[in-house]
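Visitor: Hello! I have never looked at this structure before. Could you walk me through it?

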Amino acid sequence: MSKFSWKAALRFGLRALSLVPVFFVGETCTNLTEVPHDALTPTTAFHTDQEILAGVAGVYAQMRRAEDNGHYATVQELSTDVLVVPTRGSDWYDNGQWLDIHKQTWSPNSSGALGFLTGSWNDLFSGVAKANLMIDVVSKTGAANKDSVVAEVRTLRAWYTYMLQDLFGGVPLVTTTELKSVARSTRPEVFAFLEKELTEAQANLPVKWPSASYGRVTKGVANAILASMYINAGVFNKACGPAACSAINPSAYNSCSGVAVTGGKDACQAAIDAANAVINSSGTGGATYQLNSNWFKNFTIDNKSSPENIFVVVHSNSPQAIGGDFPMRTLHYNQLSTGDGGPWNGWATTAEVYNQFPASDDRQKMWLQGQGYSFETGLAVNDRNGNPLNFTISIPDLNKANESNGVRFNKFPPQASPPKGSAQPNDYTWFRLAEMYLIRAEAENELGQTAAALADLNLIHQKHQPTAIAAGTKQAIRDAIYTERLLEFAGEGKRRTDMIRFGTFLSWTENSANGICGATPAASCPRAAYRVVFPISVNALGSNPLLVQNNGY
Amino acid sequence: MAWRRYFFPALVGGLLFSSPLRAQGTTGTIAGRVVDSASAQGIANVNIVIMGGQRGTLSREDGSFTMANVPTGSYTVRASRIGFRPQTQAAVVTAGATVSVQFTMTRQAAVLSEIVVTGYGTQRREAISGSVATVDADQANVGVVTNANQMLEARVAGVQLTQNNGDPGAGAQIRIRGGTSISASNDPLYVIDGVPLQNEATAPREGGAPYNNQLQRSPLNAINPNDIESITVLKDAAATAIYGSRGANGVVLITTKRGVRNGSGDMEYDAYVGAASAAKRLDLASGVQYRDFVQQQVNQYIADSLANKTVRGGLPVSSLTSLGTANTNWQDAILRTGIATNHNLAFSGGSPQTQYRASLNYFEQQGVVIGSGLKRYQGRLNANHDAFTGKLRLGLNLTASRVNNTYAPVENGGGFTGGLFTNVAIYNPTLPIKTGTGSFYEISGQTDVRNPVAMIHEITDRAPEDRVLGNATGTLSLSSNLTAQTTLGVDINNSVRQTYYPRSSPTASGAGGIARQADLSLNNQNFQQLLTYAPHLGKSELEVVGGYEYTHFDNRGFNAQSQGFITDQFGFNNLGSGTAATSPLPGSYEDESQLVSFFSRANYGWANKYFLTGVMRYDGSSRLAPGHRWESFPALSASWRLSEESFFKGGPFSNLSLRAGWGKQGNQAIRPYQTQLLLRTDNGAAYPFGGAVVTGLRAAQVGNTNLKWETATQTNLGFDYGLWRDRLTGSLEFYQKDTRDLLFEVPVPQPAVVATRFENIGSLRNRGVELSVDGELWRRGQRTISGGLIASIERNNVVSLGDTSRKPIQTGFVNGQGQSNQYSEIIAPGHPLGSFYAPRFLGVNNAGQQTFACSAATHPGAGCTNGVTTDPTDADRQFIGSANPDFTLGLHNNLTWGKIDASWLWRGEFGGKVFNNTALVYQTKSDAKQGRNFLAAALTDPDSISEPAKFSSRWIEDRTFVRLQNVTLGYTFDIPARLMSGRTARVYLSGDNLILLTKYKGLDPEVYSTDGDGGGIAVRGLDYVTYPRPRTYTFGVHFQF
């Protein structure tokens, strides 16, 4: 055996040197740059108009999440008397989340908050972040239509922010793409931000897009959002969030009158001005918007042609599955067959709401009551036991409903034999011209212009009922507007906001066993005042240490 | 100048062809023979090594061996082989001469193989200072073994292996020393003959219909277990740090069989046939029970109606109309006796220069569920050649396999509609399988409840996979103590998943038939350059390995779907004949990443008593953020063979060594591109302006430009012992593993394009004790009984989730109708992974409502009275224990009685919980309100028919089980020489999964029912409509010619 020697070590060293070429080859293989092949990055995207349009489409597409099962638009109805999802056996129990929202028992970590409120928080903010990204990259490009694209995306960002403050009160305001924790702004700060954004943006928006671009935001959209903000100024422009919501009256009407907005203008006057900007908007083909002579055509599968719709989520029954699934949520299993299984037989409305629709009002037909029919054959269908399906007005017990309990929502009637299962082509309506008249009526009434208010109200009312609403006190006209808004907008995501403004959100009742303040009322009836905003769910709270929970939760 | 001689050849031809010249006449040859002391016959495969060096060889079939080119000098030569007592002899090598060394070995009970593959080299067992366990493939390959994972079951302490389910070739959850990661993979690194295997699902996922979410089958199915010589499991950081960034979850080294020097030509034929049937079935209500129940509930409804109650109990009278007259056991109708057949032919041979082994395998396994199965056709060639008088050794390993997977439409998890097993559970048992006219019975107008028998017969779903695993190695002896080795390896897997839902199936009737094809291609190239220096240093021994490794991953996929066919005859073979323009658009993708490593290891030993190993690996991964891509993974370990000390001689210990080690390992097993903000053109971004769909771009993830390695440091302390002349051997180990910078998908502050992203957050600690004992229990001549026991205790604990304000992570999402947004587990600091978090079930009240514990202080609303609620909320949840066992045991015995042999393997896991999600969803009478069947146990429980299925501790059961995994009985006999020139033959009978002792009420407590896609992260112990585990009987033969 040879002994260790320095000579041997030297020999080893020299031999090891012979490996240098191999390692040298190795060094060229140490380049670890990662290049995605099937996706773009902000630096490789947005070089062409088409790429920019695709980015803008992505910001619009996020609105589908806002009207998705359990998100903004549906929480707006589910927390009120318009929508109830009773537990049907084990079906629709879902950890109690549907009834948690409906019965207003939510808390930061209740099932409804963890599911729906976390989802709404993330999805709406994702819309804000996607808009921020687009504004950032587009404003750096030399695109010819840069200003209008930025205005368009700012309007969408404002709409996402509007929905956020509606649910949660003051929220963080971020306009950069940086990912960081930001504290909440107050609700009046958010209000002022939205006013500024929408006012500035609408200057660069078109009055109307060519039909191929139908669905993109216009001046009318910005003004409609502003009108809605102003009419709600008695709520939206009041401190509410980490600070107590004491400026909002939970049990009486919260008027826009007396709330000063930008330029010292009274919010009610601002609402009238914004509504007028929409109502009086005109272009080459005459008035930009007109009330549809057939109200139902605002919601049918061909509602893209309705002149009344101002702002919609555009749907398609294309293979991309970018349609709406409203019919699926509510219809009975056997009323529609699709490639993806039948409808889900869940959603219904309360007897209290259905009974407010007089038989003389054609809008009652948006509900399905009594014998259910197939949307394919038009024939009466049976329930799953083979007996005639009969939708009942009352739901005897929310915890123990059967499959035919509850009147069904059919405002957005489905396409028979839809080519793509659950994806229906009906556009979902955020704002219609009818609402501009009713906002104007409400603001005029607050400012004491009762005659003008009554005229606007009856313009809508008499489309559906022969007898006009008679002149009355300010309060009587308020009440009439409140009822008219239910008949007109049920299912369009307005009810919770309306109820809070009218002071009824915490006191509505439901005469079902286990219903809210119903046959077996709970001790906490009516509900506590802090429930006019939702809590920030613990999931959302945990992601940002600067977030402070809403007062009362 | 001497350096030129080496530098230029290396530069020109690389190491493979550089042939350093050396003066002749300074080396000699050692040759000899090893014989059995009892039979005086030669012993094959004895490991012959020169002590103090790394030179070694194996004896040939007749016991002879030769080691050429041994530098002149005095040596101690050691012969060792499993089952024999090692022996040493002195030898003096003189120039140009052959010195003869003869060994006569005596048998002994021993379990440790002597030369152990340790990663980029081999080591003598006693020189290893890390924690390394080996599995003898012959012992572990019993019964129907589809892949190598099954050979690890209960054979290695500290390895917990849970087969996902009973699907043929099912994947497995394999945890070496517990899971150490939350979001990244917990799978170990598999290395086959030195080349890392790409451990990814090898077939595309199912698709086309909305209800499936199947677990993927094992990527190891392409490798024939019969070709495996041994499996080495590297457990601690000292052993795995040489694999650096990929070693954090342990490393499984698979060594395949190879030809022997001067083998006289050997041929082996193995075959078996097995019959499998479901070991247990769900106890569903029978047709008779269901019919009686509905009638009874209708009576209740009538009584309530007569009493004029507004809210009536029971079921409306109309429910009777849905009852049929049949009494169908849907479970029996989809299950069968699955036959498995295996044929394996291998031949090997060799000259002193060239050795080869080739094998052919045909394996077919039918699942116990009709329609599921797999077939494997595999060929394998392994060849070595010595050139230039042994200075250059060339090697080739090549495996080509075709695995034909067929799938039943089973689900893993699932909600509203579910797949085959959901429908088995709920389909009305009073309805027939077929109508009077012979077509499958379907409930009219129903699309969400489907005849399960129709499903398996109507839906075609298959995935052929082709895999080529190959590597070529050149080893060049640069001098007597310096060798260079170059390895090029490829792992290519191409598969095609083809699915057809015919027009007759309710799933596809609306669509007019759905056909889908999805392609998946995995490509992995590996290049390794090693330099090994092993000088002769007298009493001390030294080996230094330095190396470079480059791995390139490139995975691609493509899929297309079509529907609206005029006929079912095309199946998936003519997508273009579809008519409806409503199918999803075709899709394709590519993922590419690289891993680059430099590493070195030094082993030092002195006097066969003291050993020291140091490892340093420097890894760079493209999957991590620039600036964080490179990381060093060091390790240091030492061992002391106390039994070699003079003061220790004479005691009962024939061997006792103490090992200690520390090291750092990494984990980068996350998808590529996580560091970048990616914009994707998916359907979620498309928007139909004007009704025409505009392609949309949306940010699909928030990039994290600080993403870095998840690292684990592990400390290990071990004892290896041999008692009474190694009649009893084994080891005892203690370890602690701290994982830091956990790769973790966490919520980010809003606004963010996506609500979560991968961050390095938090830490996790695993601690454990592992014990193994092996010994010869009894011996009389040719009759022996030996046995072994392994025991492991593992505890893991989430130490922190980073920021203290971070909320515990919800996971283990509950499957089934009405269970949306319901989770069963949380990941919280101070608790192990797999911790169940649920409302505590108290009982059922007089109204038939379930009651749960609550605290009025935290329960929202007014529903909590005296600590009892019927409406549990998140605030009422408590920790209900975890899915982790307190300890696990494996016990195997081997018996030889002349020509008869027998073995059996018991294994058990003690303590821990399992969530019976199946019972939660189906053991509820409320299913009858929708005309759905339920588990018979619901008939006797006091819940009212209106009570929904509510997740609680009620469904979290004890997991403890003991399983008789395998029993094998064999008989070996000599084939008379005049017949086929045969030598020996063995016939055997084997049984798998024969006995399962457990209190668990579901199918099997050993279960993995959900995957990262749908069920959340780091989910453990969730059982939902699992593919039943089979009980298998096998008859096999083995011939050697």
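Guide: Gladly; what follows is a set of questions and answers about this predicted model.

Visitor: How many aromatic pairs are there over all chains?

Guide: A pair of aromatic rings is described by the distance of the centres and the angle of the planes. Rings count as paired if their centres lie within 6.5 Å. By this rule, the count over all chains is 57 aromatic pairs.

Visitor: Trp121(A) and Phe168(A) form one of these pairs; which parts of chain A does the pair link?

Guide: Their ring centres are 5.1 Å apart with 80° between the planes, an edge-to-face pair. Both Trp121(A) and Phe168(A) are buried. The two residues are 47 residues apart, and the distant parts they link are helix H7 (residues 111-140) and helix H8 (residues 146-168) of chain A.

Visitor: What kind of pair do Phe293(B) and Phe934(B) form?

Guide: Planes over 60 degrees apart count as edge-to-face. The centres of the Phe293(B) and Phe934(B) rings are 5.2 Å apart and their planes stand at 80°, so the pair is edge-to-face.

Visitor: Where in chain B do Phe293(B) and Phe934(B) lie?

Guide: Phe293(B) is buried at a relative accessible area of 4%, and Phe934(B) is buried at 0%. They are 641 residues apart, so to speak of the pair is to speak of a link between distant parts of the chain. Phe293(B) is in helix H4 (residues 287-306), and Phe934(B) is in the loop between helix H9 (917-922) and helix H10 (937-940) of chain B.

Visitor: Over the ring of which residue does the charged end of Arg329(A) sit?

Guide: A charge counts as sitting over a ring when, among other conditions, it is within 6 Å of the ring centre. For Arg329(A), the distance to the ring centre is 4.1 Å, and the ring belongs to Phe326(A).

Visitor: Are the two faces of strand E13 in chain B covered or uncovered, and by which residues can one tell?

Guide: In a regular strand the side chains alternate between the two faces of the sheet. In strand E13 (residues 189-192), Leu189(B) and Val191(B) on one side and Tyr190(B) and Ile192(B) on the other are all buried, and both faces are covered.

Visitor: Which residue is the bridge partner of Leu189(B) in E16(B)?

Guide: Strands of a sheet pair through backbone hydrogen bonds, either parallel or antiparallel. E13(B) and strand E16 (residues 251-256) run parallel, joined by four bridges. In E16(B), the partner of Leu189(B) is Val251(B).

Visitor: Which residue in the turn between E13(B) and E14(B) has a positive phi?

Guide: E13(B) pairs with strand E14 (residues 195-196) in the antiparallel sense over two bridges, with Val191(B) bridged to Pro196(B). The two strands form a hairpin with two residues between them, and the one with a positive phi, about 50°, is Asp193(B).

Key. Residues are numbered from 1 along each chain as its sequence is written. Chains are lettered from A and ligands numbered from 1 in the order in which they are written. This is a predicted model: local features need pLDDT of at least 70, side-chain atom pairs count only at pLDDT 80 or more; totals for chains, interfaces and linings use all residues. Side-chain values use heavy atoms; hydrogens and water are left out. Rings of Phe, Tyr and Trp (its six-membered ring) pair if their centres lie within 6.5 Å; planes under 30 degrees apart count as stacked, over 60 as edge-to-face and the rest as tilted. Buried means under 20% relative accessible area, exposed over 50%, partly exposed in between (1.4 Å probe, protein chains only). A charge sits over a ring if NZ of Lys or CZ of Arg is within 6 Å of the ring centre and within 35 degrees of the ring normal. Two strands pair if DSSP finds at least two bridges between them.
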